[in-house]
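Hi,

Here is the structure I promised to pass on. Have a look at it first, and my notes follow below.

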Amino acid sequence: MRDAMNKLGSDSNKITPLVPVDLVVHHSVQVDVARSENAVKANMDLEFERNKERFAFLIWGSTAFHNMLVVPPGSGIVHQVNLEYLDRVVFNTDGQLYPDSVVGTDTHTSIQL
């Protein structure tokens with residue numbers, strides 16, 4: 001995908017995040033199937049079908065930029081995923097140390113810059 005941007009005359013390095021970015025796609029609010037052994041799978045299948053364009057864009061982003069990771073829905077709640085799998089505490093980039101940070105938002109909260 002990086003090549004596609006370069007073919008269009010753009011340099012993907014200009015918009016590559018300067019620090020590693022981990023995007024955890026938490027979940028949808030919608031539940032279509034309940035009280036069934038296959039409820040989780042059925043709801044996840046519907047989520048991916050409903051949001052296939054969004055997920056395709058996120059997958060593109062995770063392959064176009066060398067320091068972006070997308071964690072798909074169904075992997076766990078965002079706080080659990082961050083604490084157990086993603087949190088690095090301190091980054092070391094060419095001897096320069098800086099702390100890890102977390103910015104979280106969902107349908108109930110928003111970030112205003």
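Which residue forms a salt bridge with Asp-45? The partner is Lys-41, and the closest N and O atoms are 2.8 Å apart. (A salt bridge here is a side-chain nitrogen of Lys or Arg within 4 Å of a carboxyl oxygen of Asp or Glu.) Both residues lie in helix H2, four residues apart, about one turn of the helix.

Before going on, some background: this is a predicted model, in which local features need pLDDT of at least 70 and side-chain atom pairs count only at pLDDT 80 or more, while totals for chains, interfaces and linings use all residues. Residues are numbered from 1 along each chain as its sequence is written, and side-chain values use heavy atoms, leaving out hydrogens and water. Helices (H or I, at least four residues) and strands (E, at least two) are DSSP runs, numbered from the N terminus.

The structure holds three salt bridges. Another one joins Arg-50 to Asp-32, with the closest N and O atoms 2.7 Å apart. Arg-50 lies in H2 and Asp-32 in the loop between strand E1 (21-24) and H2, so this pair ties together parts that are 18 residues apart in sequence. Lys-52 also pairs with Glu-49, at 3.0 Å between the closest N and O atoms.

H2 has a buried side too. Ala-39, Ala-42, Asn-43 and Glu-47 are buried (under 20% relative accessible area; exposed is over 50%, partly exposed in between; 1.4 Å probe, protein chains only). The buried residues of H2 pack against helix H3 (52-64), with contact meaning heavy atoms within 4.5 Å. Lys-41, by comparison, is exposed at 53%.

Best wishes
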